[in-house]
Amino acid sequence: LFISLSVAEASPVRLIFAGLLIVGLISELFLSLTKTRKRILRLLDGFVAGDPARFAESGEDQPLARTLNRISEEIRKNKTDREVQHRYLKSLVDNMDIAIACFDDHWQVKMANESWFEFIGRPYLTKVEKNALPDKKLYETLVGLKPGKKESFQVSSPTGKRTYALQME
């Protein structure tokens, strides 16, 4: 509009009016984008908080709020499914006759089943340390394991000698 008026040698008043019109349209576009951005951010904040619908100001925000609600519901459902699977697997591991324990890099116990605690002869253990295990050889064998390797460990007891296999994955 501005270029066509300037080429047609329009009066300065028309050029000023066209320039103001263009500036007004650009500022309206900028304000509209800023308002939309703020509404979307409020909806996303609501989504993170678990309730995107409460941040919907008007009817035009409702489709986005409904979509975020569906996404949120799917995330909750998946989380619940994972928790059920985790409890089931933990129950299986806890009821195994095989001693199972998981440690981090600093030998903190992250997970262990009842058979592990029976194996070491303690009701609990938070960290594998030399004095925490009933046998010095068990400690040395355990901390000496390398990923993918399997070591045998023998324990002598009044009922005889028992052999255990220790493996690091």
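Student: Is Trp107 buried or exposed?
Tutor: In this predicted model, Trp107 is buried, because its relative accessible area is 19% and the cut-off for buried is under 20%.

Student: Where is the place of Trp107?
Tutor: Trp107 sits in the loop between strand S1 (101–103) and S2.

Student: What about phi for Trp107?
Tutor: Phi there is positive, about 65 degrees, although Trp107 is not a glycine. Most residues other than glycine have a negative phi.

Student: Next topic, the largest nonpolar core. Which residues touch the most other members?
Tutor: The core has 17 residues, and those touching the most other members are Trp116, Ile120, Leu125, Val128, Leu133, Leu138 and Leu142. Strand S2 (109–112), helix H4 (114–120) and helix H5 (136–143) each supply at least two residues of this core.

Student: Which gives the most to this core?
Tutor: H4, with four residues.

Student: And what does Leu133 touch?
Tutor: Leaving out residues up to four places away in sequence, Leu133 touches Trp116, Ile120, Leu125, Val128, Leu138, Tyr139 and Leu142.

Student: Switching to helix H2. What should its 38 residues span?
Tutor: H2 covers residues 12–49, so at 1.5 Å a residue the helix should span 56 Å. The end C-alpha atoms of H2 are 55 Å apart, which agrees.

Student: Which residues in H2 are buried?
Tutor: Ala18, Arg39, Leu43 and Gly46.

Student: And the protein chain, how many helices and strands?
Tutor: Five helices and four strands, in the order α-α-α-β-β-α-α-β-β from the N terminus. Buried residues account for 20% of the 169 residues in the chain.

Methods
Residues are numbered from 1 along each chain as its sequence is written. This is a predicted model: local features need pLDDT of at least 70, side-chain atom pairs count only at pLDDT 80 or more; totals for chains, interfaces and linings use all residues. Side-chain values use heavy atoms; hydrogens and water are left out. The expected span of a helix is 1.5 Å times one less than its number of residues. Buried means under 20% relative accessible area, exposed over 50%, partly exposed in between (1.4 Å probe, protein chains only). A nonpolar core is a set of buried Ala, Val, Leu, Ile, Met, Phe, Trp, Tyr and Cys residues joined through side-chain atoms within 4.5 Å. Contact means heavy atoms within 4.5 Å.
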